[in-house]
Amino acid sequence: MKDLTKTNNPYGDEKVFDACSIFGMMNLKGERFSAKDPIRAIANMHDRGNGLGGGFAAYGIYPDYKDDYAFQIMYLDREAKKKTDRLLSECFNILSEEEMPTQEANVRDPPIMWRYFLQPKKSKTKSQADDDYILEKVMRINTETGKAFVFSSGKNMGVFKGVGFPEDVAEYFYLEEYKGYMWTCHGRFPTNTPGWWGGAHPFNILDWTVVHNGEISSYGINKRYLEMFGYKCTMQTDTEVMAYAFDLLMRRQGLSIEIVSKILAPPLWTEIKAMKPENELALRALRQTYGSLLMNGPFTIVVAHEGEMIGLTDRIKLRPLTAAEKGDYLFLSSEESAIRLVSPMLDRVWSPRGGEPVIGRLESRRAVEVIA
Amino acid sequence: MKSYVTPEYIVERDQDRCIRCKVCVNQCSYDTHYYDEEDDILHSRNENCVNCQRCATFCPTQAITIRENPNHYRSNANWTQEAITSIKKQAETGGVVLTGMGCDKPNLTYWDRLLLNASQVTNPSIDPLREAMELRTYIGSKPDKLELEMEEGNGVVLKTKLAPQLQLETPIMFSAMSYGSISLNVHKSLARAASEAGTFYNTGEGGLEKSLYKYGDHVIVQVASGRFGVHPDYLDAGAAIEIKIGQGAKPGIGGHLPGEKVSEEISRTRMIPLGTDALSPAPQHDIYSIEDLRQLIYALKEATDYTKPVFVKIAAVHNSAAIASGIVRAGADAVVLDGVRGGTGAAPRIIRDNVGIPIEMALAAVDQRLRDEGIRNQASVIAAGGIKSSADVLKAIALGADAVYIATAALVSLGCTVCQKCYTGKCPWGIATTDLWLTKRINPDIGAKRLAGLLRGWSLEIMEMMGGMGINAIESVRGNRLLLRGVGLTDKELEILGVRMVGE
């Protein structure tokens, strides 16, 4: 019998089919707050998940190590840990390491979890940028033993996820003890990945995280396009493809989130035709060039990285997303009820249109919709 | 010499229904029917009949039935009727057996063994009658990345200059058929339909007749080994230029338009003397290697100031993937692959039925190879040869094509019944002929309407299928092989197609 707890997509289906709840909360001034409200909010959308995956990404939680890479790694056995530890000490200066503090909670078959604070060894990185070095090592650890999985690898942030309802996962990780300025949360309803801890959301690489609700019908071509740029889509999830698309377009090609949102969820040709000539030219070129990265089919995503949180839906909005502001806080949620639960009186609440990003940025306090 | 070849078809006439109107006599260009004045009765010469169904279609009382001749040689799985008949014909003529249209052998079609997906529960299907469904396609070289800037007050502005692109409102174009192999009225019909539908028609190698220059924005001008009708105005007239290296129906061999078909207009358009044979050499004699191809590509780009995409068309053969990679690196903006089932006006049957490979395999291999080499964005891929329905179009796109070319299907919409006798020049439907008595059977107004109707019908069907899959833009189908599953295919076939088995 297959051990369904240790692999993603054990049936080898072409991709993961799931539906979900999403919640994001950010203090635009960068003030840190506890996980209490995000947990309550995501728990309020309990029925959108089925207990087979929950997770959180928190930014600003490790101020004492804010310039070091925080690796959080799942191990399926001690042997994998031994092997990975050897690799880590060979490639990195390990400033601190510990077993992640956990407690009894209603979660299923937790793996061994370890947290490290690291710096790349300068003698090893040579001319490589630190981020590229980290990316390469994470890919290596994830594929080498098959039993070790880096589920968090950014600076001053961490991902906490597992198999259970999100509120149970939060309890398991003592999440209420952490304080961050930005939280994204996810409750999951997978239909074909019964319960691998690594398969829960958020997905992370460096300080980028993605929580995702939906099924990407264009997955087949999105994946083949990214493979041309050297990405290996090993996990057979559409969320992974989303994460790599952000990495390619924003980190490697330097495009802004406003432009990236027009690649993933472009306007219709009729809308492009109605634009000013110079915008028309640009938007047409985006579709001509990046058509293979159009994410077709229903999705809502909340993408976060240092200082920025972005909500985006597919261009005809087949999955829900509500945005709201209250004082210095920006909220993104699958359901308005979850926002109202933690902040009953809001300054502004709105339903972003399909394909129009909601962007929360530290300081600048911009929650913008349009670029053209 | 007494011919031992027996008639293929029997013409039956219901004398009770026949009203002696002689429509059949007038419609048949093969002299099959004749009227016996003395007995006031119509008769048929069965040996002349090609079963084109022109007489049966136009008979006002439906008095005519064409049947296959029930007289067959003794059944034999090896020595088939066709094998025996071919040998007898050759013995009597000492020549090559000619034919027209595409390969008619079974088991070379993969489209029918590929099935499309549809959405159920986990994502919603989309109703194209109520929501946007986008088929627009751009053919041409695309960059790997764009430079854009956000300008205050101006929004997003493009900084990269894109290579020239063809804009298609539906991913279906009319494939190359030369003026000479088909009539001017058919060319007019194709040009008007392409203009109306927002797509393109390909001149083939016979040049572009003067009166069609006004449709230039929807014309792809071909440059083939005979260089017929190629001059600066011709290159300038088209929206794109296609270098023809090969054709699916006859890979590796040239063409021959007999002198009797070279009428005054054709001689002018092709720039050859009246009544002389138009011989297209097998290779292009200035292209004996890939570096020579690069020179021709850039010569054509120079000649047209880099304003038009240049396509290179090859027949699908064993090494198509490597050849296509070379073509892309040589600077082509699009690679056209023409499969073994692609049609022709005339080809030796032995070549048509035995040389080349199915388009599905060639397309899958080429698309994957270009991706493996990281150069798929540099050129579009166009599939041709054996596309019979809108489902075939969508399957081709899911395998990796940017667009498809159709030709046989276009002619069928004009009346063609695929009788395979194009090479006789006597097409009773007025399509593959230059005989003015026959060519007037195609009225360009009606022809354009029928062709545009075909494009519209297929486009609507494509939208329905896409909507069913929950996809509202054709670029999300392109190369998305997860939308396909194979049935009745071996592991190796599935591997080359890059497609999973049904149930997987």
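A residue is called buried if 20 or more other C-beta atoms, placed from the backbone, lie within 10 Å of its own, exposed if 12 or fewer do, and partly exposed in between. The structure is a predicted model, in which local features need pLDDT of at least 70, side-chain atom pairs count only at pLDDT 80 or more, and totals for chains, interfaces and linings use all residues. Residues are numbered from 1 along each chain as its sequence is written, while chains are lettered from A and ligands numbered from 1 in the order in which they are written.

A:P111 has 22 C-beta neighbours inside 10 Å and therefore counts as buried. A:P111 belongs to the loop between β5 (92–99) and β6 (112–120) of chain A; strands (E, at least two residues) and helices (H or I, at least four) are DSSP runs numbered from the N terminus. Beyond its neighbours within four places in sequence, A:P111 is in contact with A:M74, A:Y75, A:L76 and A:W197, contact meaning C-beta atoms, placed from the backbone, within 7 Å.

Between the chains, 37 residues of chain A are in contact with 38 residues of chain B. On the side of chain A that touches chain B, α10(A) gives the most, with eight residues.

The largest nonpolar core has 257 residues, of which B:V335, B:L337, B:L363 and B:V404 touch the most other members. Such a core is a set of buried Ala, Val, Leu, Ile, Met, Phe, Trp, Tyr and Cys residues joined through C-beta atoms within 7 Å. Helix α14 (residues 444–468) of chain B supplies the largest share of this core, nine residues. Because domain 1 (9–95) and domain 2 (175–454) of chain B both give residues to this core, it lies between them; the domain bounds come from an automatic or database domain assignment.

Notes. Contact = placed C-beta atoms within 7 Å.
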